[in-house]
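Let's take a walk through this structure together. Have a look at it first, and then we'll go from the whole chain down to a few of its parts.

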Amino acid sequence: MNKNTLVLVCKRPAPGTGKQRLAAKLGQEKAFLIADALLACALEDAAEWPGPVVIAPAGAADADWARSLPISRSMAVAVLPQETGNLGQRLNALDRTLRMQGMQHLFFIGSDAPGLLASDYAAARDALQHADVALIPAADGGVVLMANRKPWPDMSALPWSSNRLEEALTGLCRRAGHSVSAVGHGCDVDEWRDVVKLVALLQRDPRPARRALLQIVSCILSEADVQDA
């Protein structure tokens, strides 16, 4: 069994669900369109992952939806709904369950980092061969990928969705005796300014889901320019 397992932690896109900082700027429908296109990018990455893939929707009610997601893979995709709690508690629970199922090297991603490249994933896999924890930090102080070969320490008190997350997560892991390796840098999409940056980020990206996201973002930006004119 390939021990490198990708875990996609995601919410089912819907108007009024998730990306509320974007919705405050763009409205619920446009925020939904972006969230849906971002999820397609994460699924695109999952399709290329050279090992097992687990999709972790927000709850058991979305398990069937997760099973219906289109991923073109020769290997099976497992679905493991998240439990209740804050993000740290939910990641700890996923980590425990997957390790009980024999999965050892776990790579957690969300659905908001379309700038991740195959080379980023390869660098993270290589880093986890030498360290207990591998992180790809985000430009805003968060992380866009977090991987571990030993169980996560209790992450319930980490400052999720803040610019102190990467520093706090690194410190927590080191205090637990885990070696930590940070590789590269990424960026995620939480706010309007992140959407604007996607145009330059994805301009030369040939991957189909990225092209679709770029088209949606370009249309939204064009409309915004007209409204601001």
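What percentage of the 229 residues in the protein chain do buried residues make up? They make up 51%, where buried means under 20% relative accessible area, exposed means over 50% and partly exposed is in between, with a 1.4 Å probe and protein chains only. Before going on, keep in mind that this is a predicted model: local features need pLDDT of at least 70, side-chain atom pairs count only at pLDDT 80 or more, and totals for chains, interfaces and linings use all residues. Residues are numbered from 1 along each chain as its sequence is written, and side-chain values use heavy atoms, with hydrogens and water left out.

Now the overall picture. The protein chain has eight helices and seven strands; these are DSSP runs numbered from the N terminus, with helices (H or I) of at least four residues and strands (E) of at least two. Its C-alpha atoms fill a box of roughly 55 × 35 × 35 Å along the principal axes. A compact globule of 229 residues would have a radius of gyration near 17 Å, and the chain agrees with that at 17 Å. That radius is taken over C-alpha atoms, and the globule rule is 2.2 Å times the number of residues to the power 0.38. As for contacts (heavy atoms within 4.5 Å), take those between residues at least 6 apart in sequence: 64% of them join residues at least 24 apart.

Next, zoom in on the aromatic rings. Rings of Phe, Tyr and Trp (its six-membered ring) pair if their centres lie within 6.5 Å; planes under 30 degrees apart count as stacked, over 60 as edge-to-face and the rest as tilted. That rule gives three aromatic pairs. In one of them, Trp-49 and Phe-107 are tilted, at 5.1 Å centre to centre with 55° between the planes. Trp-49 sits in the loop between helix H2 (28-48) and strand E2 (53-56), while Phe-107 is in strand E4 (residues 105-109), so this pair ties together parts that are 58 residues apart in sequence. Trp-49 also pairs edge-to-face with Tyr-121, at 5.9 Å and 80°. Tyr-121 belongs to helix H5 (residues 118-127), 72 residues away from Trp-49.

Trp-49, Phe-107 and Tyr-121 form one aromatic cluster. Are its members buried or exposed? Trp-49 counts as buried because its relative accessibility is 4%, Tyr-121 because its value is 5%, and Phe-107 because its value is 0%. The charged end of Arg-125 sits over the ring of Trp-49, 4.8 Å from its centre; the rule asks for NZ of Lys or CZ of Arg within 6 Å of the ring centre and within 35 degrees of the ring normal.

Finally, turn to helix H6. Its buried residues are Leu-165, Leu-169, Thr-170, Leu-172 and Cys-173. Strands E5 (133-137), E6 (143-148) and E7 (180-182) are included in what covers the buried residues. Just after H6, Gly-177 takes a positive phi of about 90°.
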